[in-house]
Amino acid sequence: MNEPITLQEPKLLPGDLAIWFFIFMELLVFAIAFIAYAVTRAQNVALFNEFQLTLNKESGAVNTLLLITSSYFVVRAVHAIKLDRVKACITNLNIALGFGAGFLLLKSLEYYDKFSAGITLSTNTFYMFYLSLTMFHFLHVILGMIILFAIVIKAKRGHYSANNHYGVETGASYWHMVDLVWIILFPLVYIIR
Amino acid sequence: MIRDEKRVKKTIQNHINIHSIWLAMVALTILSYALGKFGFSGIVSVLVLLLTAVVKGTLIIRDFMELRDVSLLWRVIMYGWLWGATLAIFIIYLVSNK
């Protein structure tokens, strides 16, 4: 028997609606920061080009790969819980957290390298933007990992299943936003010249 | 229940795609890094970098966040942010490059 042709109802947003307002607010803040960076760079092209060369491009690129791969495992976790595979969901979230920790570690080493060279927020305009932008993102990575970790705990207690997985989608959406922001931040700060 | 079967089939289909999407994003990241490493600069390089970021952003929004079939409003919001931010960066770069 053929299914009745019905207008395709738009799919609901994954997870809780509230997280999407929070995500969009964060995206707006980052967009303003990106534009502020771009405008300030336009006024100090030589300075930005000169000191951009001191950044560790390899660290920036590897960090991008770590975040993308972490997001990939978070997607796998969401797929697993939708198929009622709780253990696979937990495993994928733990791997994602591992990649997230790798990002934080590599970023910390990058900062340690700069701080030990005597560079601070007040060294010059470029470093002020580089440090404040990437540190602001760093804090979001930490918050994202706290959210994912809380989901792992709840999943272990049996809170989530195929019929109850909004919490996993909510955390996943936030984590993907952290990745989405870095996708623009990396070329803007490390590469564009 | 038809609805559950549909969801399971959809999830499995998404799952099959996700690996190639991850690989594409890894490749695009290496491209961006290579542009920087080999010292490319100027408008064409920046355009390639920003378009790469838009492609990766689209994959994240569509396939990682799974917003493919959500309401038009939210798709406009998310893709609008992505295009808006990158376009603003490009226009400001053009102005500074004069």
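**Exercise 1. Decide whether Glu169(A) and Lys82(A) are buried or exposed in this predicted model, then work out what the pair does.**

Step 1. Start with accessibility: Glu169(A) is buried, and Lys82(A) is buried too.

Step 2. Now check the charges. The two side chains form a salt bridge, with 3.5 Å between the closest N and O atoms. That sits inside the 4 Å cut-off for a salt bridge.

Step 3. Glu169(A) belongs to helix H6 of chain A and Lys82(A) to helix H3 (residues 57–82) of chain A, so the bridge ties together parts 87 residues apart in sequence.

Step 4. Look for further partners. Lys82(A) and Glu169(A) are linked with Glu66(B) in a network of salt bridges.

**Exercise 2. Describe the backbone and surroundings of Glu66(B).**

Step 1. Find the residue: Glu66(B) is in the loop between helix H2 (43–64) and helix H3 (72–96) of chain B.

Step 2. Read off phi. For Glu66(B) phi is near 55 degrees, which is a positive value in a residue other than glycine.

Step 3. Check the cover. Glu66(B) has 7% relative accessibility, so this residue counts as buried, the limit being under 20%.

Step 4. Compare with chain A, where Asp84(A) has a positive phi of about 65 degrees and is not a glycine either. Asp84(A) is in the loop between H3 and helix H4 (86–116) of chain A, and with a relative accessible area of 46% Asp84(A) is partly exposed.

**Exercise 3. Work out how helices H1 and H6 of chain A are arranged.**

Step 1. Helix H1 (residues 17–43) and helix H6 (residues 166–191) of chain A pack at about 10 degrees, with axes 10 Å apart. Therefore H1(A) counts as roughly parallel to H6(A), since the cut-off is under 35 degrees.

Step 2. Look at who makes the contact. From H1(A) the residues include Trp20(A), Phe30(A) and Tyr37(A), and from H6(A) they include Tyr174(A), Met177(A) and Leu188(A).

**Exercise 4. Locate a nonpolar patch on the surface of chain A.**

Step 1. The members are Leu139(A), Ile142(A), Leu143(A) and Ile146(A), and together they have about 340 Å² of accessible area.

Step 2. Zoom in on one of them: Leu143(A) lies in helix H5 (residues 125–156) of chain A. Its relative accessible area is 34%, so Leu143(A) is partly exposed.

**Exercise 5. Summarise chain B.**

Step 1. Chain B has 3 helices and 0 strands, giving the pattern α-α-α along the sequence.

Step 2. Of its 98 residues, 46% count as buried. The accessible surface of chain B is about 5,200 Å², and 72% of that belongs to carbon and sulfur atoms.

Methods
Residues are numbered from 1 along each chain as its sequence is written. Chains are lettered from A and ligands numbered from 1 in the order in which they are written. This is a predicted model: local features need pLDDT of at least 70, side-chain atom pairs count only at pLDDT 80 or more; totals for chains, interfaces and linings use all residues. Side-chain values use heavy atoms; hydrogens and water are left out. Patches are made of residues with over 30% relative accessible area and no salt bridge: like charges are joined within 9 Å, nonpolar side chains (Val, Leu, Ile, Met, Phe, Trp, Tyr) within 5 Å. Accessible areas come from the Shrake-Rupley method with a 1.4 Å probe; for residues, only the protein chains shown count as cover. Helices (H or I, at least four residues) and strands (E, at least two) are DSSP runs, numbered from the N terminus. Buried means under 20% relative accessible area, exposed over 50%, partly exposed in between (1.4 Å probe, protein chains only). Axes are lines fitted to C-alpha atoms, for helices over the stretch in contact, and angles run from 0 to 180 degrees between N-to-C directions. Angles under 35 degrees count as roughly parallel, over 145 as roughly antiparallel, 65 to 115 as roughly perpendicular and the rest as oblique. Contact means heavy atoms within 4.5 Å.
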